[in-house]
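The sequence and structure come next.

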Amino acid sequence: MLYSYKHSFSGFSAKLNSSQASALAKMEEVISVFRSKTLQLHTTRSWDFLGLPLISSSTSTASAAASPLQLAYGQDVIVGVFDTGIWPESESFREEPHMRPIPSTWKGKCVKGEMFEPAKACNRKLIGARYYLEGFEEDYGPLNTSGNPEFRSARDFLGHGTHTASTAVGSVVKNNASFYGFAEGTARGGAPKARLAVYKVCWGKNYSSRCNGADILAAFDDALHDGVHVISASIGSRPPLIPLFESEGAEAAIGSFHAMQLGVSVVFSAGNEGPDPSQVTNVAPWSLCVAASSIDRMFPTRILLDNKLSIMGEGLITTPIKAKLADASVFFNNGVCTSRNWKEPKSAQGRVILCFSVIGPYDIGEAEVAAKLANASALIFVEPMSREIGADIIPSVHVNLEQGTRILNYLTESPTKPVVQIEASKTIIGKSPAPRVAYFSSRGPSSLTPDILKPDISAPGMNILAAWPNQTSPTLRRDDNRSVNWNFQSGTSMSCPHVSGVVALIKSAHPNWSPAAIKSAIMTTAYTKDTSFDTILADGPMKASDPFDLGAGHIDPIKALDPGLVYDMKTSDYVQFLCNIGYTQEQINMIVLCPSGTDTSCPRVPKSNANVNYPSITVSNLQSAVTIKRTMRNVGENKNAIYFGTISEPDGVEVVIWPRVLVFSWFKAENTYYVTLKPQKKSQGRYDFGEIVWSDGFHRVRSPLVVCVNTTQDSNASKNLSYM
């Protein structure tokens, strides 16, 4: 046996043969038996961009502190981070001044391990640190710490966990954060006064992470017993998605379901498989699923050819470069900039190589390795659109396809080899429209639960600067000997802890709110316009974003603290969801904690999950008129409030809400309204988008409306569903 899960749910992880597993699965007391699956891992400016700017803590311009909201809230909220561990010496994890003692409710501990002494590593900020190896070692054998740098402890080598933890709850580090001078400023997490507990569930294998499902479930079991309030987990598996509780890869859904029952919010990353549709992961309705977007910070880098042609790319160039420009085909077969295509031993010394990603294709990492192998001075990397930047192993500048084509045409038409000058990069803030949905961010609709909108929300996840282990190179390459305390990373792994930090602030301000109420506050206050007041752009298809790109919108921490109204859900609401997707009452009784206190009965006729009291409304198969129910609770200061409803209809759908006015009072904190959707066009398989907004003149409570009209197919071919 590897683990016995006994604190928050009942189960175990063990090594079984197929006959034993089959016999166990047939037992009435067993919900499911599945093979443990390996999952994947998915700020100086970002918090300013989110409306939590720095304030001066004195008359000195050299000192700064977190914003008033970050100072007012977060104290004694405990955030558990499931990741690759922690680098405890980072300034991000030192105690905040005047930090109170560790909350008496905390039952966790700091576990001793390799290069991890609890007395030195842990404090009033970092109050817990555990690590889980049994599942990993069962899959990959004993942890090899010699040829494969890792620590048999909660100490982080890969850097991912240190980065995400500091983004969520890192302490204020004044004017001392930058990557070789870029993005310089004061770093802090979203909730710098919150406490941190680290659960190392992901391990390095050949410089790549592996997160075993059995280890993740063990971490959930401990974290919920320890007393965390928020769990941040930037992990997930790629589609095809499996049933939520039934097979390998279900550990995240199981753990987060039990967390919800105990009032613990769980935040997951949406995945990095964009921009193709239906790639979103972590789609359970009881957790938050976060897409990634950009912030308004750029690193413009000027490229000058023969003092005639000027191109503005983006990079992290610290020292100006002057060299001859060369096409990739000179040094690489067919112009494909990869190591295996290098025309060895042809040297590119004194040359800047122009590489096109579309010839291959290949990514920037492969091109950098190849250019360095050829001994080039620098690399100009051309891709269809500007993507994220990060630490490089050779000076690199990113340009888009139009810019790259201009450079190539100049090179082709030039009678001599052009001289290219690359100027040092700069850090520029506020000059570009933001946010934009990151091209890599996994999109909806959910392939498992199409009547639940996923992702839920978007948050900064591109070019995020955060803490980094100073014994780990910024590129995670063996031949990179640089040491940094801060590093750039991109991914929904970075957007997830931004939301976790905001959840910690909300939990501190409203300790009695349920995870569903907190999610509702975040979703219904999100915005969909960028800094130029245009619709947020979705990188990849380069179109106006829709709810499948960014969920309800981009997170607004300040408004989320005072949403006005919330859509709340209890365990019984999720029971109905489970009924709708095919679980029996007997199975649900074994999933739900203390089922005797919760109605676990299922209706005879399955309903659509469009009726789940979710902050967004999604109907994935509208064939005829249907009516959907929603209930809202007034959480604003004014208990006597009147909210008026307005509708933006999806194309080809008539939408009626009743009543159009919701009146709240001291005696009536909740109100129910009904939405009737009626198709008005012939269509099949096409999603259209709208919204329903409730406003009292101060609050604006917005719910995305996502509808797929299917009126051209045989209505008998689809299952009749009751929406009431």
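Which pattern do the disulfides of the protein follow, with bonded cysteines counted along the chain? The pattern is 1-2, 3-4, 5-6, 7-8. The model is predicted. It holds four disulfides. Three of them are tabulated here.

| Pair | S-S distance | S-S torsion | Handedness |
|---|---|---|---|
| C202 and C211 | 2.1 Å | about 110° | right-handed |
| C337 and C355 | 2.0 Å | about -90° | left-handed |
| C579 and C602 | 2.0 Å | about -75° | left-handed |

C579 lies in helix α15 (residues 571–580). Its partner C602 lies in the loop between α16 (585–591) and β31 (617–622), 23 residues away. C579 is buried at 9% relative accessibility, but C602 is partly exposed at 30%.

C202 has 0% relative accessibility, so it counts as buried. C211 is also buried, at 0%.

C496 is in no disulfide. The nearest cysteine sulfur, that of C289, is 9.2 Å away. C496 is buried, with a relative accessible area of 0%. C708 is buried too, at 3%.

Now the sheet. Four strands form an open, antiparallel sheet in the order β30-β32-β36-β34. β30 (565–566) and β34 (653–658) are the edge strands; each has a single partner, so one side of each lacks a neighbour in the sheet. β30 is joined to β32 (residues 626–634) by two bridges. L565 has N634 in β32 as its bridge partner.

Note on methods:
Residues numbered from 1 in each chain as written. Predicted model: local features only at pLDDT ≥ 70, side-chain atom pairs only at ≥ 80, totals over all residues. Heavy atoms only, no water. Pairing = 2+ DSSP bridges. Disulfide = S-S within 2.5 Å. Buried < 20%, exposed > 50% of the residue type's maximum accessible area, 1.4 Å probe, protein only.
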